[in-house]
Amino acid sequence: MGDAIEKSLRDIRGKRDVSFFDLYSIDQVSDTDLGLIFEIARGFRSAKTAKLTLCKGNTQVNCFFEPSTRTQASFDLSAKHLGMDTTNVGGGSSSAKKGESFIDTVETLDAYNARTLVIRSSEAGVAEIAARHVAASVLNAGDGWHEHPTQGLLDALTMLDCIQADTLAGKTVLIVGDVVHSRVFGSLVRVLIRLQATIRIAAPITLLPAEVEQFGVTLFTDVEKALVGTDFVYTLRVQEERGAKGFIPTLREYSKTFGISEWRLDLAAKDAILMHPGPVIRDIDVHSALVSRHPQSRILTQVENGMAIRKALLWLLCERFDGKTKTFERI
Ligand code: NCD
């Protein structure tokens with residue numbers, strides 16, 4: 001069965017390739033890349049948990065310096081389903097705690113001849129820096145408040161599949177919540193622009209990044225007005241660990257004014273889709289009844305699509321690896 005799946009994935013891919021060796025920002029992904037990634041991801045999604053050999057013999061190091069449930073599990077399982085060996089370092093177990101520099105840590109991990117190095121860090125820009133220092137293909141699993149490109153891609157795939165289209169032209173996406181601290185926003189807004197969505201943002205003024213209008217978004221401080229006519233409602237967590245509580249009066253007040261409840265969701269377009277990158281803080285970002293089993297919620301579909309997108313990227317980058325090693329110069 002694996003052989004037939006692999007053949008169909010190879011047929012989908014044909015001779016096409018993405019234009020990047022590392023992925024730290026959506027800005028690196030061309031329009032052609034986007035189409036290819038989505039097409040291959042759909043193929044992987046239909047393969048579910050099939051044990052494949054497309055990346056057999058390759059090693060992946062997952063380097064998570066910040067907590068993660070879905071992103072880490074998803075990168076790890078995706079690599080395993082593709083036949084890779086994986087190891088997890090970071091957090092309390094890494095030598096960074098003993099004073100080793102970030103570059104020394106990633107160069108050490110690269111010396112295991114890993115093909116892919118997945119990095120999550122509280123510092124913006126580190127995945128891009130790492131990519132310049134290692135032969136492995138670096139995938140950004142979230143850097144500070146900057147970007148989380150695989151999340152942006154899985155969100156876009158989820159939206160496109162809901163409307164069965166290749167673009168989001170004519171659709172309105174409302175992003176609600178702690179935008180200023182959100183790397184999810186950083187990637188989502190970039191991919192939504194590319195897919196021609198109309199983008200609205202609703203947040204307390206204190207949770208908006210300076211110059212957010214440069215993305216061509218419409219700002220609202222009244223979420224109820226923002227919801228009217230919206231096709232997708234994308235909610236973001238209030239990031240307490242990044243000090244968000246200092247930007248709002250209280251969590252209760254936030255939930256009362258911006259939390260998405262059932263009656264508020266009814267203000268959006270008929271059958272509007274509710275999304276959240278997780279982890280959801282129930283009854284603060286989103287009312288409990290809307291979280292997982294509500295017919296308009298696609299929160300668990302997002303998780304499933306995360307596996308498909310990551311498998312697509314790992315396979316595409318594993319096969320481009322030789323290209324990177326040829327151009328790579330140790331600095
Ligand atoms: C997000 C993250 O860690 O950037 N979650 C995720 O990766 N799915 C968002 C968050 O923590 O709120």
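Predicted model: local features only at pLDDT ≥ 70, side-chain atom pairs only at ≥ 80, totals over all residues.

Mentor: Residues are numbered from 1 along each chain as its sequence is written, and side-chain values use heavy atoms, with hydrogens and water left out.

Trainee: In what order do the 4 strands of the open sheet stand?

Mentor: Helices (H or I, at least four residues) and strands (E, at least two) are DSSP runs, numbered from the N terminus, and two strands pair if DSSP finds at least two bridges between them. Here the 4 strands form an open sheet in the order β2-β1-β3-β4, with parallel pairing. Because β2 (85-89) and β4 (137-143) have a single partner strand each, they stand at the edges, and one side of each is left without a neighbour in the sheet. From one strand to the next the twist averages 15°.

Trainee: How many bridges join β1 to β3, and which residue stands opposite Asn62?

Mentor: Strand β1 (residues 59-64) and strand β3 (residues 116-121) run parallel and are joined by 5 bridges, and it is Val118 in β3 that stands opposite Asn62. Helix α4 (residues 102-110) packs on this sheet, where contact means heavy atoms within 4.5 Å; α4 touches β1, β2 and β3, and its direction makes about 155° with that of β3. Such angles run from 0 to 180 degrees between N-to-C directions, and axes are lines fitted to C-alpha atoms, for helices over the stretch in contact.

Trainee: What of the other pairings in this sheet?

Mentor: β1 and β2 run parallel and are joined by 5 bridges, with Thr87 in β2 as the bridge partner of Val61. β3 and β4 are likewise parallel, joined by 5 bridges, and there the bridge partner of Ser121 is Asp143 in β4.

Trainee: Are these strands buried or exposed?

Mentor: Buried means under 20% relative accessible area, exposed over 50%, and partly exposed in between (1.4 Å probe, protein chains only). In β1, 5 of the 6 residues are buried, so this strand is largely enclosed by the rest of the structure, and β4 is mostly covered, with 7 of its 7 residues buried.

Trainee: Which residues does Ser137 touch?

Mentor: Ser137 lies in strand β4 and counts as buried at 0% relative accessibility. Not counting residues up to four places away in sequence, Ser137 touches Phe21, Asp22, Arg115, Thr116, Leu117, Leu317 and Lys324. A polar contact is a pair of N or O atoms within 3.5 Å; within protein, one must be able to donate a hydrogen and the other to accept it, and residues adjacent in sequence count only if both atoms are side-chain atoms. In this case a polar atom of the side chain of Ser137 lies 2.7 Å from the backbone oxygen of Phe21.

Trainee: Where is Thr158, and what does its side chain reach?

Mentor: Thr158 is in helix α6 (residues 149-163) and is buried, with a relative accessible area of 2%. Its side chain reaches the backbone oxygen of Leu154 at 2.6 Å, and among the residues that Thr158 touches are Met275, Arg298 and Asn305.

Trainee: How do the axes of α1 and α2 cross?

Mentor: Angles under 35 degrees count as roughly parallel, over 145 as roughly antiparallel, 65 to 115 as roughly perpendicular and the rest as oblique. The axes of helix α1 (residues 2-13) and helix α2 (residues 31-47) come within 9 Å and cross at roughly 170°, and the two helices are therefore roughly antiparallel to each other. The contact is made by Ile5, Leu9, Ile12 and Arg13 of α1 together with Glu39, Ile40, Gly43, Phe44 and Ala47 of α2.

Trainee: What order do the strands of the 5-strand open sheet have?

Mentor: The order is β7-β6-β5-β8-β9, with parallel pairing, and the edge strands, β7 (218-220) and β9 (273-275), each pair on one side only. Strand β5 (residues 172-176) pairs with strand β6 (residues 198-202) in the parallel sense over 5 bridges, and Ile201 in β6 is the bridge partner of Ile175.
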